Amino acid sequence: MDSAAPRLPVDAEGRRPAFFAEDGVDQLVTMVLELATELWVLRERVFVIEAVADRHGLPLKAEVETYAISEAERAKLEGMRVTMMGQLFRTLNRDHRPVDADGKA
Amino acid sequence: MPFELSHELKAAHERDSLARQDFVSSLRGYILNDMAAGMKARFEDEVEPALVRSLGRAVQSQDEVHAAMRKDTYFKFYSSVRYNAQEMVWRAVIPGVEAALPDLSRQIDRLSSHGGGSLSLNPDLDIPENVAGLDVHLMPGGYANTETAAAGAVYDNGLAVFSAGFMGPNLDDIGLSMSNYVKRRFPDFHPARILDCGCTVGHNAAAWAQTFPDAEVHGIDVSASVLRYAHGRAQSLGLPVHYHQMDATDLAFEDASFDVIFTSMFLHELSLKDIKAFFVEAHRVLRPGGLLINMELPPNQELEPYDQFYLDWDCYYNKEPFYRAFRDQNPEDLIVAGGFARSDYFRFTVPQFSFTDEDAFIAAVNAPPSFDGETGRLSASLNWFGFGGWKAKI
(Lines give C-alpha, C1' and ligand atoms only; values in the text may rest on other atoms or scores of the structure.)
Protein backbone atom coordinates (compact mmCIF):
# COMPACT_ATOMS: atom_id res chain seq x y z
CA MET A 1 0.00 0.00 0.00
CA ASP A 2 1.23 3.47 -0.92
CA SER A 3 1.93 5.21 2.41
CA ALA A 4 0.62 8.50 0.97
CA ALA A 5 -2.74 6.96 0.10
CA PRO A 6 -5.66 8.02 2.35
CA ARG A 7 -6.53 5.46 4.98
CA LEU A 8 -10.09 4.33 5.60
CA PRO A 9 -11.34 2.77 8.84
CA VAL A 10 -11.66 -1.00 8.67
CA ASP A 11 -13.66 -1.56 11.88
CA ALA A 12 -17.21 -0.40 12.59
CA GLU A 13 -17.67 1.74 15.70
CA GLY A 14 -18.90 0.08 18.87
CA ARG A 15 -18.65 -3.21 20.70
CA ARG A 16 -19.04 -6.53 18.91
CA PRO A 17 -21.75 -8.90 20.13
CA ALA A 18 -20.61 -12.03 21.98
CA PHE A 19 -22.92 -14.87 21.03
CA PHE A 20 -21.10 -17.42 23.17
CA ALA A 21 -21.23 -17.23 26.96
CA GLU A 22 -17.67 -18.52 27.28
CA ASP A 23 -15.20 -15.66 27.05
CA GLY A 24 -13.15 -15.63 23.86
CA VAL A 25 -15.14 -18.07 21.75
CA ASP A 26 -16.45 -15.32 19.46
CA GLN A 27 -12.92 -14.11 18.85
CA LEU A 28 -11.86 -17.67 18.09
CA VAL A 29 -14.56 -17.87 15.43
CA THR A 30 -13.08 -14.77 13.82
CA MET A 31 -9.62 -16.29 13.93
CA VAL A 32 -10.80 -19.49 12.29
CA LEU A 33 -12.60 -17.57 9.54
CA GLU A 34 -9.63 -15.31 8.89
CA LEU A 35 -7.44 -18.40 8.66
CA ALA A 36 -9.87 -20.06 6.30
CA THR A 37 -9.90 -16.93 4.13
CA GLU A 38 -6.13 -16.75 3.91
CA LEU A 39 -5.96 -20.45 3.18
CA TRP A 40 -8.35 -19.88 0.30
CA VAL A 41 -6.36 -16.87 -0.96
CA LEU A 42 -3.30 -19.07 -1.06
CA ARG A 43 -5.04 -21.97 -2.75
CA GLU A 44 -6.45 -19.68 -5.41
CA ARG A 45 -3.04 -18.12 -6.03
CA VAL A 46 -1.33 -21.50 -6.29
CA PHE A 47 -4.02 -22.64 -8.67
CA VAL A 48 -3.43 -19.60 -10.89
CA ILE A 49 0.34 -19.91 -10.72
CA GLU A 50 0.24 -23.53 -11.79
CA ALA A 51 -2.20 -22.75 -14.58
CA VAL A 52 -0.06 -19.89 -15.90
CA ALA A 53 3.10 -21.97 -15.69
CA ASP A 54 1.44 -24.83 -17.46
CA ARG A 55 0.26 -22.47 -20.21
CA HIS A 56 3.92 -21.52 -20.77
CA GLY A 57 5.16 -25.09 -20.71
CA LEU A 58 6.97 -24.64 -17.39
CA PRO A 59 7.24 -27.74 -15.18
CA LEU A 60 6.52 -25.66 -12.07
CA LYS A 61 5.50 -28.35 -9.64
CA ALA A 62 8.77 -30.25 -10.06
CA GLU A 63 10.92 -27.12 -9.60
CA VAL A 64 9.02 -26.04 -6.47
CA GLU A 65 9.93 -29.29 -4.77
CA THR A 66 13.68 -28.60 -5.14
CA TYR A 67 13.70 -24.79 -4.67
CA ALA A 68 16.16 -23.31 -2.09
CA ILE A 69 14.84 -20.18 -0.31
CA SER A 70 17.46 -17.38 0.05
CA GLU A 71 18.09 -15.30 3.20
CA ALA A 72 16.50 -12.21 1.63
CA GLU A 73 13.47 -14.24 0.67
CA ARG A 74 13.27 -15.62 4.19
CA ALA A 75 13.14 -12.06 5.58
CA LYS A 76 10.40 -11.14 3.16
CA LEU A 77 8.38 -14.20 4.09
CA GLU A 78 8.80 -13.34 7.78
CA GLY A 79 7.27 -9.89 7.16
CA MET A 80 4.36 -11.50 5.32
CA ARG A 81 3.79 -13.88 8.23
CA VAL A 82 3.71 -10.99 10.74
CA THR A 83 1.06 -9.23 8.65
CA MET A 84 -0.95 -12.43 8.56
CA MET A 85 -0.72 -12.75 12.36
CA GLY A 86 -2.08 -9.21 12.71
CA GLN A 87 -5.15 -10.21 10.72
CA LEU A 88 -5.51 -13.43 12.65
CA PHE A 89 -5.61 -11.76 16.08
CA ARG A 90 -7.33 -8.52 15.05
CA THR A 91 -10.23 -8.90 17.51
CA LEU A 92 -8.18 -9.39 20.66
CA ASN A 93 -8.28 -5.69 21.55
CA ARG A 94 -11.94 -5.14 20.66
CA ASP A 95 -14.59 -4.82 23.39
CA HIS A 96 -17.20 -7.54 23.53
CA ARG A 97 -20.22 -7.78 25.77
CA PRO A 98 -22.81 -10.53 26.02
CA VAL A 99 -26.04 -10.12 24.10
CA ASP A 100 -28.65 -9.03 26.66
CA ALA A 101 -32.17 -10.35 27.12
CA ASP A 102 -33.44 -8.20 24.25
CA GLY A 103 -30.70 -9.39 21.95
CA LYS A 104 -29.08 -5.98 21.89
CA ALA A 105 -25.32 -5.77 21.59
CA MET B 1 -20.03 -15.49 -6.60
CA PRO B 2 -20.10 -11.68 -6.76
CA PHE B 3 -20.61 -10.08 -10.15
CA GLU B 4 -17.82 -7.81 -11.28
CA LEU B 5 -19.08 -4.22 -11.38
CA SER B 6 -19.29 -3.00 -14.96
CA HIS B 7 -18.91 0.76 -14.54
CA GLU B 8 -15.75 2.86 -14.62
CA LEU B 9 -15.64 3.72 -10.90
CA LYS B 10 -15.13 0.12 -9.81
CA ALA B 11 -11.96 -0.29 -7.78
CA ALA B 12 -9.12 -2.35 -9.23
CA HIS B 13 -8.57 -4.92 -6.49
CA GLU B 14 -5.38 -6.94 -6.20
CA ARG B 15 -5.61 -10.67 -6.84
CA ASP B 16 -5.49 -11.63 -3.14
CA SER B 17 -8.28 -9.14 -2.37
CA LEU B 18 -10.34 -10.64 -5.18
CA ALA B 19 -9.79 -14.08 -3.68
CA ARG B 20 -10.90 -12.76 -0.25
CA GLN B 21 -14.00 -11.27 -1.88
CA ASP B 22 -14.81 -14.56 -3.60
CA PHE B 23 -14.35 -16.40 -0.34
CA VAL B 24 -16.55 -14.14 1.79
CA SER B 25 -19.18 -14.02 -0.94
CA SER B 26 -19.28 -17.82 -1.02
CA LEU B 27 -19.27 -17.85 2.77
CA ARG B 28 -22.32 -15.56 2.81
CA GLY B 29 -24.03 -17.76 0.25
CA TYR B 30 -23.35 -20.77 2.48
CA ILE B 31 -24.62 -18.95 5.59
CA LEU B 32 -27.79 -17.67 3.92
CA ASN B 33 -28.68 -20.95 2.22
CA ASP B 34 -27.09 -23.97 3.88
CA MET B 35 -26.63 -22.71 7.43
CA ALA B 36 -30.01 -20.96 7.40
CA ALA B 37 -31.69 -24.22 6.35
CA GLY B 38 -29.74 -26.13 9.00
CA MET B 39 -30.72 -23.62 11.68
CA LYS B 40 -34.39 -23.79 10.73
CA ALA B 41 -34.28 -27.59 10.88
CA ARG B 42 -32.66 -27.33 14.31
CA PHE B 43 -35.50 -25.08 15.43
CA GLU B 44 -38.23 -27.33 14.07
CA ASP B 45 -36.69 -30.60 15.25
CA GLU B 46 -35.40 -29.63 18.70
CA VAL B 47 -35.90 -26.07 19.87
CA GLU B 48 -39.56 -25.63 18.98
CA PRO B 49 -40.79 -28.92 20.52
CA ALA B 50 -38.99 -28.08 23.77
CA LEU B 51 -40.36 -24.54 23.69
CA VAL B 52 -43.91 -25.75 23.11
CA ARG B 53 -43.55 -28.16 26.03
CA SER B 54 -42.35 -25.40 28.36
CA LEU B 55 -44.93 -22.84 27.19
CA GLY B 56 -47.80 -25.33 27.16
CA ARG B 57 -48.94 -23.83 23.85
CA ALA B 58 -47.78 -23.06 20.31
CA VAL B 59 -45.04 -20.50 19.75
CA GLN B 60 -46.66 -17.11 19.21
CA SER B 61 -43.93 -14.53 18.79
CA GLN B 62 -40.49 -14.04 17.32
CA ASP B 63 -39.30 -12.94 20.78
CA GLU B 64 -40.03 -16.42 22.10
CA VAL B 65 -38.12 -17.90 19.16
CA HIS B 66 -35.21 -15.50 19.63
CA ALA B 67 -34.94 -16.14 23.39
CA ALA B 68 -34.88 -19.90 22.83
CA MET B 69 -32.51 -19.78 19.87
CA ARG B 70 -30.00 -17.56 21.68
CA LYS B 71 -29.19 -20.54 23.88
CA ASP B 72 -28.72 -22.85 20.92
CA THR B 73 -25.23 -23.63 19.67
CA TYR B 74 -26.29 -23.65 16.01
CA PHE B 75 -27.66 -20.11 16.35
CA LYS B 76 -24.49 -18.98 18.13
CA PHE B 77 -22.29 -20.24 15.31
CA TYR B 78 -24.68 -19.01 12.62
CA SER B 79 -24.71 -15.53 14.18
CA SER B 80 -21.03 -15.37 14.95
CA VAL B 81 -20.06 -16.53 11.45
CA ARG B 82 -22.60 -14.19 9.82
CA TYR B 83 -21.40 -11.23 11.89
CA ASN B 84 -17.81 -11.98 10.96
CA ALA B 85 -18.75 -12.36 7.29
CA GLN B 86 -20.32 -8.90 7.42
CA GLU B 87 -17.06 -7.45 8.76
CA MET B 88 -15.08 -9.42 6.20
CA VAL B 89 -17.14 -8.01 3.30
CA TRP B 90 -15.90 -4.51 4.07
CA ARG B 91 -12.37 -5.60 4.93
CA ALA B 92 -12.08 -7.38 1.58
CA VAL B 93 -12.86 -4.25 -0.45
CA ILE B 94 -11.38 -1.40 1.60
CA PRO B 95 -7.74 -1.88 0.45
CA GLY B 96 -8.78 -1.60 -3.20
CA VAL B 97 -10.96 1.43 -2.48
CA GLU B 98 -8.11 3.09 -0.57
CA ALA B 99 -5.80 2.61 -3.52
CA ALA B 100 -8.44 3.99 -5.92
CA LEU B 101 -9.34 7.04 -3.81
CA PRO B 102 -6.65 9.46 -5.04
CA ASP B 103 -8.06 9.18 -8.59
CA LEU B 104 -11.72 8.80 -7.73
CA SER B 105 -12.60 12.52 -7.53
CA ARG B 106 -10.81 13.15 -10.81
CA GLN B 107 -12.68 10.27 -12.45
CA ILE B 108 -16.03 11.59 -11.20
CA ASP B 109 -15.20 15.11 -12.42
CA ARG B 110 -14.31 13.76 -15.85
CA LEU B 111 -17.47 11.62 -16.06
CA SER B 112 -19.55 14.56 -14.85
CA SER B 113 -18.97 16.42 -18.10
CA HIS B 114 -20.13 13.44 -20.24
CA GLY B 115 -23.81 12.63 -19.95
CA GLY B 116 -27.12 14.10 -19.00
CA GLY B 117 -27.15 13.70 -15.22
CA SER B 118 -26.33 16.22 -12.51
CA LEU B 119 -25.26 16.53 -8.87
CA SER B 120 -26.52 19.14 -6.37
CA LEU B 121 -24.98 19.10 -2.91
CA ASN B 122 -26.20 21.01 0.13
CA PRO B 123 -23.35 21.53 2.62
CA ASP B 124 -25.79 23.08 5.11
CA LEU B 125 -27.97 19.98 5.37
CA ASP B 126 -28.18 18.53 8.88
CA ILE B 127 -27.19 14.88 8.60
CA PRO B 128 -29.69 12.84 10.66
CA GLU B 129 -28.32 10.89 13.60
CA ASN B 130 -29.35 7.51 12.13
CA VAL B 131 -26.77 8.15 9.37
CA ALA B 132 -24.22 10.44 11.05
CA GLY B 133 -23.97 8.57 14.34
CA LEU B 134 -24.07 4.94 13.32
CA ASP B 135 -21.97 2.58 11.20
CA VAL B 136 -25.07 1.06 9.57
CA HIS B 137 -24.50 -2.47 8.19
CA LEU B 138 -21.25 -2.45 10.23
CA MET B 139 -19.76 -0.47 7.35
CA PRO B 140 -16.62 1.14 8.80
CA GLY B 141 -16.93 4.92 8.72
CA GLY B 142 -20.65 4.73 7.94
CA TYR B 143 -22.40 6.53 5.09
CA ALA B 144 -22.04 10.14 6.18
CA ASN B 145 -18.49 10.98 5.17
CA THR B 146 -18.88 14.13 3.14
CA GLU B 147 -15.26 14.84 2.21
CA THR B 148 -14.78 12.29 -0.58
CA ALA B 149 -16.74 9.61 -2.43
CA ALA B 150 -15.12 6.97 -0.18
CA ALA B 151 -18.32 5.86 1.56
CA GLY B 152 -20.00 5.40 -1.83
CA ALA B 153 -17.05 3.42 -3.14
CA VAL B 154 -16.87 1.17 -0.07
CA TYR B 155 -20.63 0.57 -0.21
CA ASP B 156 -20.77 -0.20 -3.94
CA ASN B 157 -17.77 -2.52 -3.92
CA GLY B 158 -18.93 -4.08 -0.64
CA LEU B 159 -22.50 -4.58 -1.85
CA ALA B 160 -21.18 -6.48 -4.87
CA VAL B 161 -19.56 -8.94 -2.44
CA PHE B 162 -22.36 -8.87 0.18
CA SER B 163 -25.13 -9.61 -2.31
CA ALA B 164 -23.32 -12.70 -3.60
CA GLY B 165 -24.86 -12.19 -7.03
CA PHE B 166 -28.45 -11.92 -5.75
CA MET B 167 -28.78 -8.25 -6.74
CA GLY B 168 -27.81 -8.66 -10.38
CA PRO B 169 -24.84 -7.55 -12.46
CA ASN B 170 -25.05 -3.83 -11.60
CA LEU B 171 -26.60 -4.40 -8.17
CA ASP B 172 -29.75 -2.98 -9.70
CA ASP B 173 -32.11 -5.94 -9.69
CA ILE B 174 -34.38 -4.34 -7.09
CA GLY B 175 -34.74 -1.19 -9.22
CA LEU B 176 -35.23 -3.27 -12.37
CA SER B 177 -37.77 -5.56 -10.70
CA MET B 178 -39.79 -2.68 -9.22
CA SER B 179 -39.73 -0.45 -12.32
CA ASN B 180 -40.62 -3.36 -14.58
CA TYR B 181 -43.40 -4.36 -12.20
CA VAL B 182 -44.85 -0.87 -12.71
CA LYS B 183 -44.31 -0.98 -16.47
CA ARG B 184 -45.96 -4.42 -16.87
CA ARG B 185 -48.68 -4.07 -14.24
CA PHE B 186 -49.79 -0.56 -15.24
CA PRO B 187 -49.06 -0.33 -18.99
CA ASP B 188 -51.09 2.88 -19.40
CA PHE B 189 -49.08 4.70 -16.73
CA HIS B 190 -46.29 6.77 -18.32
CA PRO B 191 -44.31 8.57 -15.59
CA ALA B 192 -42.53 11.76 -16.66
CA ARG B 193 -40.67 12.45 -13.38
CA ILE B 194 -39.42 9.76 -10.98
CA LEU B 195 -37.78 10.24 -7.55
CA ASP B 196 -35.73 7.62 -5.66
CA CYS B 197 -35.48 8.54 -1.95
CA GLY B 198 -32.52 7.29 0.11
CA CYS B 199 -30.81 6.23 -3.10
CA THR B 200 -27.22 5.75 -1.73
CA VAL B 201 -25.02 4.98 -4.77
CA GLY B 202 -27.96 5.33 -7.16
CA HIS B 203 -27.86 1.73 -8.33
CA ASN B 204 -31.67 1.51 -8.38
CA ALA B 205 -32.35 5.06 -9.57
CA ALA B 206 -30.24 4.22 -12.63
CA ALA B 207 -32.43 1.14 -13.18
CA TRP B 208 -35.55 3.34 -13.32
CA ALA B 209 -33.80 5.52 -15.92
CA GLN B 210 -33.12 2.36 -17.90
CA THR B 211 -36.72 1.09 -17.71
CA PHE B 212 -38.32 4.51 -18.42
CA PRO B 213 -35.81 6.22 -20.77
CA ASP B 214 -38.22 9.08 -21.51
CA ALA B 215 -38.66 9.98 -17.85
CA GLU B 216 -36.59 12.47 -15.85
CA VAL B 217 -35.13 10.51 -12.92
CA HIS B 218 -33.97 12.07 -9.65
CA GLY B 219 -32.34 10.53 -6.59
CA ILE B 220 -31.85 11.96 -3.12
CA ASP B 221 -29.78 10.98 -0.11
CA VAL B 222 -28.45 12.82 2.94
CA SER B 223 -24.86 11.71 2.32
CA ALA B 224 -22.75 13.78 -0.08
CA SER B 225 -20.23 10.95 -0.24
CA VAL B 226 -22.60 8.36 -1.69
CA LEU B 227 -24.14 10.98 -4.01
CA ARG B 228 -20.79 12.01 -5.50
CA TYR B 229 -20.19 8.36 -6.25
CA ALA B 230 -23.77 7.82 -7.50
CA HIS B 231 -23.36 10.68 -9.96
CA GLY B 232 -20.14 9.31 -11.44
CA ARG B 233 -21.56 5.78 -11.48
CA ALA B 234 -24.70 6.75 -13.42
CA GLN B 235 -22.73 8.93 -15.83
CA SER B 236 -20.40 6.01 -16.49
CA LEU B 237 -23.38 3.76 -17.25
CA GLY B 238 -24.80 6.40 -19.62
CA LEU B 239 -27.98 6.73 -17.54
CA PRO B 240 -28.97 10.36 -16.88
CA VAL B 241 -30.01 10.76 -13.23
CA HIS B 242 -30.16 13.99 -11.21
CA TYR B 243 -28.85 13.53 -7.69
CA HIS B 244 -29.60 15.92 -4.82
CA GLN B 245 -28.40 16.03 -1.21
CA MET B 246 -31.71 16.17 0.58
CA ASP B 247 -33.58 14.66 3.54
CA ALA B 248 -36.59 12.54 2.53
CA THR B 249 -38.53 13.89 5.51
CA ASP B 250 -38.14 17.46 4.21
CA LEU B 251 -38.09 17.40 0.41
CA ALA B 252 -37.10 20.63 -1.34
CA PHE B 253 -39.36 19.87 -4.32
CA GLU B 254 -42.56 21.61 -5.38
CA ASP B 255 -45.96 20.18 -4.51
CA ALA B 256 -47.29 17.77 -7.15
CA SER B 257 -44.02 17.61 -9.07
CA PHE B 258 -43.39 13.83 -9.45
CA ASP B 259 -45.26 10.90 -10.99
CA VAL B 260 -43.39 8.20 -9.05
CA ILE B 261 -41.80 8.24 -5.58
CA PHE B 262 -39.70 5.12 -5.04
CA THR B 263 -37.74 3.73 -2.09
CA SER B 264 -35.72 0.56 -1.78
CA MET B 265 -34.53 -0.96 1.50
CA PHE B 266 -34.83 2.57 2.89
CA LEU B 267 -37.78 2.71 5.28
CA HIS B 268 -36.34 0.10 7.65
CA GLU B 269 -33.38 2.40 8.34
CA LEU B 270 -35.68 5.21 9.58
CA SER B 271 -37.40 5.82 12.90
CA LEU B 272 -41.19 5.52 12.80
CA LYS B 273 -41.40 9.30 13.22
CA ASP B 274 -39.27 9.81 10.10
CA ILE B 275 -41.17 7.15 8.13
CA LYS B 276 -44.41 8.98 8.86
CA ALA B 277 -42.88 12.35 7.93
CA PHE B 278 -41.57 10.85 4.68
CA PHE B 279 -44.97 9.50 3.61
CA VAL B 280 -46.52 12.94 4.19
CA GLU B 281 -43.79 14.45 2.00
CA ALA B 282 -44.17 11.74 -0.65
CA HIS B 283 -47.89 12.45 -0.82
CA ARG B 284 -47.23 16.20 -1.11
CA VAL B 285 -44.74 16.01 -3.99
CA LEU B 286 -46.70 13.40 -5.97
CA ARG B 287 -48.96 14.63 -8.72
CA PRO B 288 -52.61 13.55 -8.47
CA GLY B 289 -52.68 10.07 -10.00
CA GLY B 290 -49.01 9.60 -9.07
CA LEU B 291 -47.54 6.42 -7.60
CA LEU B 292 -45.72 5.71 -4.34
CA ILE B 293 -43.82 2.40 -4.52
CA ASN B 294 -41.56 0.95 -1.82
CA MET B 295 -39.43 -2.18 -1.98
CA GLU B 296 -38.96 -3.53 1.53
CA LEU B 297 -38.61 -6.54 3.77
CA PRO B 298 -42.02 -8.14 4.20
CA PRO B 299 -44.04 -7.07 7.26
CA ASN B 300 -43.90 -9.37 10.25
CA GLN B 301 -47.67 -9.83 10.20
CA GLU B 302 -47.29 -11.84 6.96
CA LEU B 303 -44.72 -14.28 8.37
CA GLU B 304 -44.51 -17.13 10.83
CA PRO B 305 -42.74 -16.34 14.14
CA TYR B 306 -39.59 -18.20 13.09
CA ASP B 307 -39.33 -16.30 9.77
CA GLN B 308 -39.94 -13.00 11.59
CA PHE B 309 -37.08 -13.85 13.94
CA TYR B 310 -34.86 -14.89 11.04
CA LEU B 311 -35.31 -11.66 9.08
CA ASP B 312 -34.98 -9.42 12.12
CA TRP B 313 -31.45 -10.73 12.82
CA ASP B 314 -30.11 -7.57 11.16
CA CYS B 315 -31.95 -5.35 13.63
CA TYR B 316 -30.12 -6.85 16.56
CA TYR B 317 -26.74 -7.65 15.09
CA ASN B 318 -26.13 -5.54 11.97
CA LYS B 319 -26.53 -2.00 13.31
CA GLU B 320 -29.96 -1.44 11.83
CA PRO B 321 -31.83 -0.41 15.00
CA PHE B 322 -35.13 0.59 13.35
CA TYR B 323 -35.45 -2.52 11.21
CA ARG B 324 -37.85 -4.44 13.43
CA ALA B 325 -39.96 -1.45 14.47
CA PHE B 326 -40.68 -0.89 10.79
CA ARG B 327 -41.39 -4.55 10.09
CA ASP B 328 -43.80 -4.68 13.03
CA GLN B 329 -45.99 -2.05 11.30
CA ASN B 330 -48.81 -2.58 8.86
CA PRO B 331 -47.55 -0.81 5.69
CA GLU B 332 -51.13 0.00 4.70
CA ASP B 333 -51.69 1.99 7.91
CA LEU B 334 -48.40 3.84 7.39
CA ILE B 335 -49.27 5.18 3.95
CA VAL B 336 -52.85 5.98 4.95
CA ALA B 337 -51.39 8.13 7.76
CA GLY B 338 -49.39 9.92 5.04
CA GLY B 339 -52.53 10.95 3.20
CA PHE B 340 -53.11 8.06 0.77
CA ALA B 341 -56.57 6.49 0.58
CA ARG B 342 -56.85 3.02 2.04
CA SER B 343 -58.56 1.88 -1.15
CA ASP B 344 -55.47 2.98 -3.15
CA TYR B 345 -53.04 0.78 -1.18
CA PHE B 346 -51.50 -2.19 -2.97
CA ARG B 347 -48.83 -4.76 -2.24
CA PHE B 348 -47.09 -7.38 -4.36
CA THR B 349 -44.24 -9.85 -4.62
CA VAL B 350 -42.15 -10.37 -7.76
CA PRO B 351 -39.27 -12.66 -8.72
CA GLN B 352 -35.92 -11.14 -9.67
CA PHE B 353 -36.27 -9.42 -13.03
CA SER B 354 -32.62 -10.08 -13.96
CA PHE B 355 -32.95 -13.85 -13.58
CA THR B 356 -36.56 -14.52 -14.59
CA ASP B 357 -37.81 -15.05 -18.11
CA GLU B 358 -40.32 -12.57 -19.50
CA ASP B 359 -43.40 -14.79 -19.31
CA ALA B 360 -42.76 -15.92 -15.74
CA PHE B 361 -42.15 -12.33 -14.63
CA ILE B 362 -45.37 -11.10 -16.23
CA ALA B 363 -47.31 -14.01 -14.68
CA ALA B 364 -45.93 -13.10 -11.24
CA VAL B 365 -46.72 -9.41 -11.75
CA ASN B 366 -50.37 -10.25 -12.31
CA ALA B 367 -50.63 -12.88 -9.55
CA PRO B 368 -51.63 -12.21 -5.94
CA PRO B 369 -48.65 -11.66 -3.59
CA SER B 370 -47.19 -14.79 -2.05
CA PHE B 371 -45.44 -14.78 1.30
CA ASP B 372 -43.17 -17.46 2.66
CA GLY B 373 -39.84 -17.78 4.40
CA GLU B 374 -38.05 -16.82 1.18
CA THR B 375 -39.81 -13.50 0.63
CA GLY B 376 -37.39 -10.58 0.78
CA ARG B 377 -34.58 -12.86 1.85
CA LEU B 378 -31.31 -13.23 -0.05
CA SER B 379 -31.51 -16.89 -0.96
CA ALA B 380 -31.66 -19.10 -4.02
CA SER B 381 -35.46 -18.75 -4.38
CA LEU B 382 -35.73 -15.06 -3.59
CA ASN B 383 -38.63 -12.83 -4.47
CA TRP B 384 -38.99 -9.14 -3.64
CA PHE B 385 -41.81 -7.53 -1.65
CA GLY B 386 -43.23 -4.15 -2.56
CA PHE B 387 -46.10 -1.95 -1.46
CA GLY B 388 -47.43 1.47 -2.22
CA GLY B 389 -50.36 3.61 -3.12
CA TRP B 390 -51.77 5.93 -5.73
CA LYS B 391 -52.34 9.58 -4.94
CA ALA B 392 -56.00 10.35 -5.58
CA LYS B 393 -56.76 12.07 -8.87
CA ILE B 394 -58.48 15.41 -8.49
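Biologist: In this predicted model, is the crossing in which α1(A) passes α1(B) left-handed or right-handed?

Modeller: Two packed helices are described by the angle between their axes and the distance between the axes. Here α1(A) packs on helix α1 of chain B, residues 15-55, with the axes 9 Å apart and at an angle of about 125 degrees. That angle makes α1(A) oblique to α1(B), and the sense in which α1(A) passes α1(B) is right-handed.

Biologist: Helix α1 of chain A also packs against helix α3 of chain B, so how far apart are their axes?

Modeller: The helices concerned span residues 25-55 in chain A and residues 73-112 in chain B, and they pack at an angle of about 50 degrees. Angles under 35 degrees would count as roughly parallel and 65 to 115 as roughly perpendicular, and α1(A) and α3(B) are therefore oblique to each other. Their crossing is right-handed, and the distance between the two axes is 10 Å.

Biologist: Which residue forms a salt bridge with A:Glu34 through its side chain, and how many residues apart are the two?

Modeller: The side chain of A:Glu34 meets that of A:Arg90 in a salt bridge, with 2.9 Å from N to O. The pair links distant parts of the chain, since A:Glu34 belongs to helix α1 of chain A whereas A:Arg90 sits in the loop between α3 and β2 of chain A.

Biologist: Are A:Glu34 and A:Arg90 buried or exposed?

Modeller: The cut-off for buried is a relative accessible area under 20%. A:Glu34 has a relative accessible area of 4%, and A:Arg90 has a relative accessibility of 11%. Because both values fall under that cut-off, A:Glu34 counts as buried, and A:Arg90 likewise counts as buried.

Biologist: What is the N to O distance in the salt bridge between A:Arg74 and A:Glu71?

Modeller: Both residues lie in helix α3 of chain A, 3 residues apart, which is about one turn of the helix. A:Arg74 is partly exposed at 43% relative accessibility, while A:Glu71 counts as exposed at 61%. The side chains of A:Arg74 and A:Glu71 meet with an N to O distance of 3.7 Å.

Biologist: Which helices of chain B does the salt bridge between B:Arg233 and B:Asp156 link?

Modeller: In the salt bridge of B:Arg233 with B:Asp156, the closest N and O atoms are 3.1 Å apart. The two residues are 77 residues apart and so belong to distant parts of the chain, B:Arg233 in residues 224-237 and B:Asp156 in residues 150-162. B:Arg233 is buried at 1% relative accessibility, and B:Asp156 is buried with a relative accessible area of 0%. The helices linked are α8, which holds B:Arg233, and α5, which holds B:Asp156.

Biologist: Which residues do salt bridges that share partners join into one network?

Modeller: By the salt-bridge rule, the count over all chains comes to 27. Within the network, salt bridges share partners, and the residues joined are A:Arg16, A:Glu34, A:Arg90 and B:Glu87.

Biologist: How far from B:His203 is B:Asp173, taking their C-alpha atoms?

Modeller: B:Asp173 lies in helix α6 of chain B, residues 173-185, and counts as buried at 0% relative accessibility. B:Asp173 and B:His203 are 30 residues apart along the chain, and their C-alpha atoms are separated by 8.9 Å.

Biologist: What is the phi of B:Ala164, and what is the phi of B:Met265?

Modeller: B:Ala164 is found in the loop between α5 and α6 of chain B, and it is buried, with a relative accessible area of 13%. B:Met265 lies in the loop between β5 and α9 of chain B and counts as partly exposed at 23% relative accessibility. Neither is a glycine, yet phi is positive in B:Ala164 at about 50 degrees, and in B:Met265 it is near 50 degrees.

Biologist: What is the area of the nonpolar surface patch that includes A:Leu77?

Modeller: A:Leu77 is found in helix α3 of chain A, residues 71-88, and at 33% relative accessibility it counts as partly exposed. The patch is made by A:Tyr67, A:Ile69, A:Leu77 and A:Met80, and its area is about 390 Å².

Methods. Residues numbered from 1 in each chain as written. Chains lettered and ligands numbered in written order. Predicted model: local features only at pLDDT ≥ 70, side-chain atom pairs only at ≥ 80, totals over all residues. Heavy atoms only, no water. Patch = residues over 30% accessible without salt bridge, like charges linked within 9 Å, V, L, I, M, F, W, Y side chains within 5 Å. Areas by Shrake-Rupley, 256 points an atom, 1.4 Å probe, with all protein chains shown as cover. Salt bridge = Lys/Arg side-chain N within 4 Å of Asp/Glu carboxyl O. Helix = DSSP H or I, 4+ residues; strand = E, 2+ residues; numbered from the N terminus. Buried < 20%, exposed > 50% of the residue type's maximum accessible area, 1.4 Å probe, protein only. Axes fitted to C-alpha atoms, helices over the stretch in contact; angles between N-to-C directions. Parallel < 35°, antiparallel > 145°, perpendicular 65-115°, else oblique. Left-handed = near helix turned anticlockwise from the far one by under 90°.
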